[in-house]
Amino acid sequence: KALHNYANLKQQIGDFNGSIEFYLKALEIKPNQIIILFSLASAYQEIGNFKKCKEIANKVLTIEPKNTSAHKLISSIINYKNENDHLIVMENLSKDKTLKSEQLIDLSFALGKAYEDIGNYEKSFENLEKGNKLKKTKINYKIDNQVKLFESITKTFDDLDLESLKQTSKNKSIIFICGMPRSGTTLIEQIIAAHPQVNGAGELIYLQNLIKKNFIENFKLNKQKIINEASSNNNIIESKYFEFLDFHKFSSKLITDKAPQNFRWIGFIKIFFPNSKIIHCNRNAKDNCLSLFKNNFASSHMDWTYDQKDIAEYYNLYYDLMKFWNKKLPNDIYNANYERIVQNKEIEIKKLIEFCGLKWDSACLNHHKHIKTPISTVSVVQARKPIYSSSLNSNEKYSKYLNGLYSSLKIE
């Protein structure tokens with residue numbers, strides 16, 4: 001247990017070689033411990049060793065054939081156009097009446113992905129809808145608190161002069177990459193992190209946790225606390241953030257933080273991280289929301305993604321808030337559009353790198369050949385490929401099933 005816990009900690013701070021070393025040590029003591037094997041398979045997936053990941057996940061299934069988490073992990077790295085055997089195994093397992101709801105959720109999302117791969121969108125949707133409904137029932141989520149939070153953000157920052165509230169800053173710079181989840185944040189991070197002067201930190205929870213701890217009570221911002229902290233002599237928010245960042249032992253002075261939902265905290269970034277850059281990723285709203293519907297996320301911060309109405313409402317909250325930030329800070333936010341980057345790769349990437357204050361480096365055009373850091377998001381496979389256009393307008397394949405969601409979106 002101690003070795004496993006230590007390996008988990010190393011994985012959290014991005015030391016994946018260290019984490020794999022300790023998972024393997026733990027397995028020397030208990031070779032068939034499912035939870036350790038699964039952690040090891042996940043670590044191999046995140047560093048891009050998909051062969052090893054699949055090998056370990058299959059070992060889990062030889063010990064525990066009904067382990068749907070292992071099936072879901074395998075489904076994320078298989079292209080079912082070329083490999084159908086695993087789809088048949090999952091279909092047979094889905095008929096097992098003894099499966100619990102958590103197992104059915106994993107299996108439904110995995111089958112949804114498999115059927116999409118082979119172009120059977122009706123069966124894909126059928127399974128995705130089943131997985132989403134089961135998950136929604138299990139978590140019993142209501143979006144009301146998010147509505148309250150978003151309203152509080154715009155109300156709090158509306159009349160604040162962020163320029164005059166700017167804190168003093170250390171000689172370090174963060175590139176905050178934010179936007180709706182599944183809007184291309186992982187791709188943008190990998191493009192920028194391919195630059196020799198940049199380290200990609202992935203989705204860090206530090207900013208969100210600091211803001212929640214210091215400024216939020218019952219989903220409402222405490223405006224006076226923000227003003228008091230901005231006026232103090234010590235920039236505690238930035239100091240604490242860098243204290244956590246030090247555990248990662250990055251060699252570069254320039255770090256990317258790509259927690260997508262940091263778009264909510266742009267006002268805080270402007271005050272407490274004045275040296276930082278803010279990149280807002282956006283893409284076709286329907287494609288974005290479809291991608292959310294297709295995934296079962298590990299984080300409870302994504303509990304709004306299992307219901308078509310919730311997804312549409314959250315997207316509209318995001319849309320209005322980004323309109324607010326772009327109006328309030330017109331020169332501080334770089335809007336990186338996924339479709340433009342896919343269609344005009346070199347021109348758009350050069351503009352992006354220039355905004356980051358970096359000299360041009362051709363490595364950024366071939367990010368998939370220069371991945372330096374593990375990828376811990378559901379984009380783990382896609383982000384290791386060259387930029388591709390097959391996901392553009394993918395929503396059209398599901399339009400007759402998701403019309404309720406699509407028609408509710410605020411789209412210019």
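## Overall fold

Among contacts in the chain (heavy atoms within 4.5 Å) between residues at least 6 apart in sequence, 75% join residues at least 24 apart. This is a predicted model, in which local features need pLDDT of at least 70 and side-chain atom pairs count only at pLDDT 80 or more, while totals for chains, interfaces and linings use all residues. Residues are numbered from 1 along each chain as its sequence is written, and side-chain values use heavy atoms, with hydrogens and water left out.

The chain has 20 helices and 7 strands; these are DSSP runs numbered from the N terminus, helices being H or I of at least four residues and strands E of at least two. Its radius of gyration is 22 Å, close to the 22 Å given by the globule rule for 412 residues, so the chain is as compact as a globular protein of that length. That radius is taken over C-alpha atoms, and the rule is 2.2 Å times the number of residues to the power 0.38. The C-alpha trace spans about 65 × 50 × 45 Å along its principal axes.

## Burial and surface

Of the 412 residues, 53% count as buried. Buried means under 20% relative accessible area, exposed over 50%, and partly exposed in between (1.4 Å probe, protein chains only). The accessible surface of the chain comes to about 19400 Å², and 48% of it belongs to carbon and sulfur atoms. Accessible areas come from the Shrake-Rupley method with a 1.4 Å probe; for residues, only the protein chains shown count as cover.

Five strands form an open sheet in the order 2-5-1-6-7, with parallel pairing; two strands pair if DSSP finds at least two bridges between them. Strand 2 (198-200) and strand 7 (333-337) stand at the edges with a single partner strand each, so one side of each has no neighbour in the sheet. From one strand to the next, the twist averages 25°.

Strand 1 (residues 173-179) and strand 6 (residues 277-282) run parallel and are joined by 5 bridges. Across this pair, phenylalanine 176 stands opposite isoleucine 278, and cysteine 178 has histidine 280 as its bridge partner. Strand 6 is also joined to strand 7 by 5 bridges, again in parallel, with cysteine 281 opposite alanine 336.

Helix 11 (residues 185-193) lies across strand 1, strand 2, strand 5 (254-257), strand 6 and strand 7, and runs at about 155° to strand 1. Helix 14 (residues 236-245) also packs on the sheet, where it touches strand 1 and strand 5; its direction makes about 90° with that of strand 1. Axes are lines fitted to C-alpha atoms, for helices over the stretch in contact, and angles run from 0 to 180 degrees between N-to-C directions.

The loop between strand 3 (216-217) and strand 4 (220-221) holds asparagine 218. Asparagine 218 has a positive phi of about 55° although it is not a glycine, and it is exposed, with a relative accessible area of 57%.

Phenylalanine 219 is found in the loop between strand 3 and strand 4. Its phi is near 65°, a positive value in a residue other than glycine. Phenylalanine 219 is partly exposed, at a relative accessible area of 32%.
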